[in-house]
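Open the model in your viewer and keep the sequence panel beside it. The stops below can be selected one after another.

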Amino acid sequence: MIRVTRKCEFSAAHFYHNPSLSAEENRRIFGKCNNPHGHGHNYVLEVTIAGEPDPATGMVVDLKEIKDLLQREVVDRMDHRHLNYEVPELAGQIPTCENIAAVIWSLLVPKITRGKLDRVRVYESPDLFADCTADGDASKGSRA
Amino acid sequence: MKVSLTRRYRFAASHRLYSPKLSEAENRRVYGKCCNPHGHGHNYVVEVTLTGPVDPATGMIANLGELDPFVEREVIDAFDHKNLNEEVAEFQDRVPTTENLLREIYRRLEKFPAARLERVRIEETSNNSFELLTGED
């Protein structure tokens with residue numbers, strides 16, 4: 001089996017705030033990420049598809065199709081947006097890189113028709129990223 | 001699906017690879033220039049991967065407000081700008097190869113209470129990295 005990874009970037013604003021917690025608890029838990037004016041990141045998304053190369057094309061998947069898919073499903077949705085206000089899939093969730101990765105996984109899973117979605121990695125910065133993978137533990141799937 | 005969180009940290013330290021169980025000639029043969037008596041140093045990168053449920057209240061597997069100070073205290077303060085052979089108790093009788101350093105850092109990080117440690121990876125240089133996965137050691 002071969003794993004193929006396509007990368008793309010999007011820039012977005014967010015802040016962390018849980019309305020069911022007090023202002024003080026929000027500040028304690030989220031620190032400067034709680035600043036209500038928001039802040040932003042250049043997110044880097046890596047999407048990995050696993051499968052066997054098609055003997056006719058030598059490809060696991062056509063990366064042009066993946067490029068277009070990521071543009072449509074992720075970049076058009078999230079790039080230069082405010083993740084708290086403008087991405088319905090994240091509504092009611094704190095837009096951490098864990099939750100963003102899970103949302104992107106859920107958006108992409110039904111759209112991958114050749115190969116199998118193996119991993120979604122979202123870098124919030126070069127030193128922080130979340131991975132979403134299939135592990136056969138369906139009980140965790142409902143979070144996204 | 002399963003979600004994990006990875007955070008990268010850095011420290012700089014010196015070391016010398018030398019085993020008292022080997023002769024001088026064997027040390028030189030095995031460790032080469034890493035055996036030079038005055039030691040040398042690296043900019044180490046430590047990649048820490050945690051898994052566990054994402055807390056719906058915070059959207060987080062682990063709060064970096066807790067993880068960062070923990071890693072700072074347990075790993076960075078202990079190793080940064082130190083001589084691993086001379087100043088870290090665990091390497092008094094163990095060669096500070098990155099394999100041994102990895103096991104020691106894993107042992108320290110395993111105590112993080114808020115999520116499950118899944119993996120520790122250390123880059124000794126941009127060309128050499130070492131990885132330990134929970135359950136495989």
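Colour chain A by secondary structure: from the N terminus on, the order is β-α-β-α-β-α-α-β-β, which comes to four helices and five strands. Helices (H or I, at least four residues) and strands (E, at least two) are DSSP runs, numbered from the N terminus. This is a predicted model, in which local features need pLDDT of at least 70, side-chain atom pairs count only at pLDDT 80 or more, and totals for chains, interfaces and linings use all residues. Residues are numbered from 1 along each chain as its sequence is written, while chains are lettered from A and ligands numbered from 1 in the order in which they are written.

Next, select residues 2-14 and 39-51 of chain A. These are strands β1 and β2, paired antiparallel over 13 bridges; two strands pair if DSSP finds at least two bridges between them. Within this pairing, A:V4 has A:I49 as its bridge partner.

Now go to A:I104. Leaving out residues up to four places away in sequence, its contacts (C-beta atoms, placed from the backbone, within 7 Å) are A:L45, A:V74, A:V120 and A:V122.

Finally, view the whole of chain A. Its C-alpha atoms fill a box of roughly 60 × 30 × 25 Å along the principal axes. Of the contacts with a separation of 6 or more, 68% join residues 24 or more positions apart.

Methods. Two residues are in contact if their C-beta atoms, placed from the backbone, lie within 7 Å.
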